[in-house]
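Subject: Structure handover

Dear colleague,

Here is the structure we discussed. My notes on it follow below.

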Amino acid sequence: MNDSELVTRVRTLVETMYGGYIGGDRGAIDALLDPDLTMFDSASPALISGMDELNAVRAARGTDSNDSQEARTETALTAGRFTARRIGDVISATWWLRIDAVDANGKPVIPEVVRNSAVLVDTAGPLRIVQLHEGVVQHFGGPEIAGLPNV
């Protein structure tokens, strides 16, 4: 029950969001998020409720001494395998994300692969995310997980 027009709109939203992320444009991302968003972020085990909590998670990224974020640079985010369908007044969407990175020496590392699901609402402007769940399936540096879809 995939709606191709919705898939195109979701793809546009996701590509805009990840383009903002890789380009450091938080405003581009936040414009696509509902202020009352709930989210399971890949960087936090707790449920995030609203933009204040999301901003606190953002501020804490890379501050843990065990966090290897500093040892790599993300170079590309590639999303694919989109699904989208309308259920009543909301849109349910899923996609896979591959995050490519290089280590401190510039050598590519095994990419992180994340499966995502979202609930979106259709507003007067672009779609807006009201709930997002990011589930890391393959972590940076591996091990590589067999059978993951190509993204």
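Contact here means heavy atoms within 4.5 Å. Helices (H or I, at least four residues) and strands (E, at least two) are DSSP runs, numbered from the N terminus. The model is predicted: local features need pLDDT of at least 70, side-chain atom pairs count only at pLDDT 80 or more, and totals for chains, interfaces and linings use all residues. Residues are numbered from 1 along each chain as its sequence is written, and side-chain values use heavy atoms, with hydrogens and water left out.

The sheet: six strands form an open sheet in the order E2-E1-E6-E5-E4-E3, with mixed pairing (two strands pair if DSSP finds at least two bridges between them). E2 and E3 (72-87) are the edge strands, each pairing on one side only. Between E3 and E4 (residues 90-103) the pairing is antiparallel, over 13 bridges. Helix H1 (residues 4-23) packs on the sheet and touches E3, E4, E5 (112-122) and E6 (127-138). The direction of H1 makes about 160 degrees with that of E3 (axes are lines fitted to C-alpha atoms, for helices over the stretch in contact; angles run from 0 to 180 degrees between N-to-C directions).

Helix H3 (residues 50-60): its buried residues (under 20% relative accessible area; exposed is over 50%, partly exposed in between, 1.4 Å probe, protein chains only) are Gly50, Met51, Leu54, Val57 and Arg58. They fall within an arc of 125 degrees seen down the axis of H3, so they line one face of the helix; the arc is that of the directions from the helix axis to the C-beta atoms. Asp52 and Ala59, on the other side of H3, are exposed. The buried residues of H3 pack against helix H2 (26-30) and strands E1 (33-40) and E2 (48-49). H3 lies across E1 and E2, at about 55 degrees to E1.

Regards
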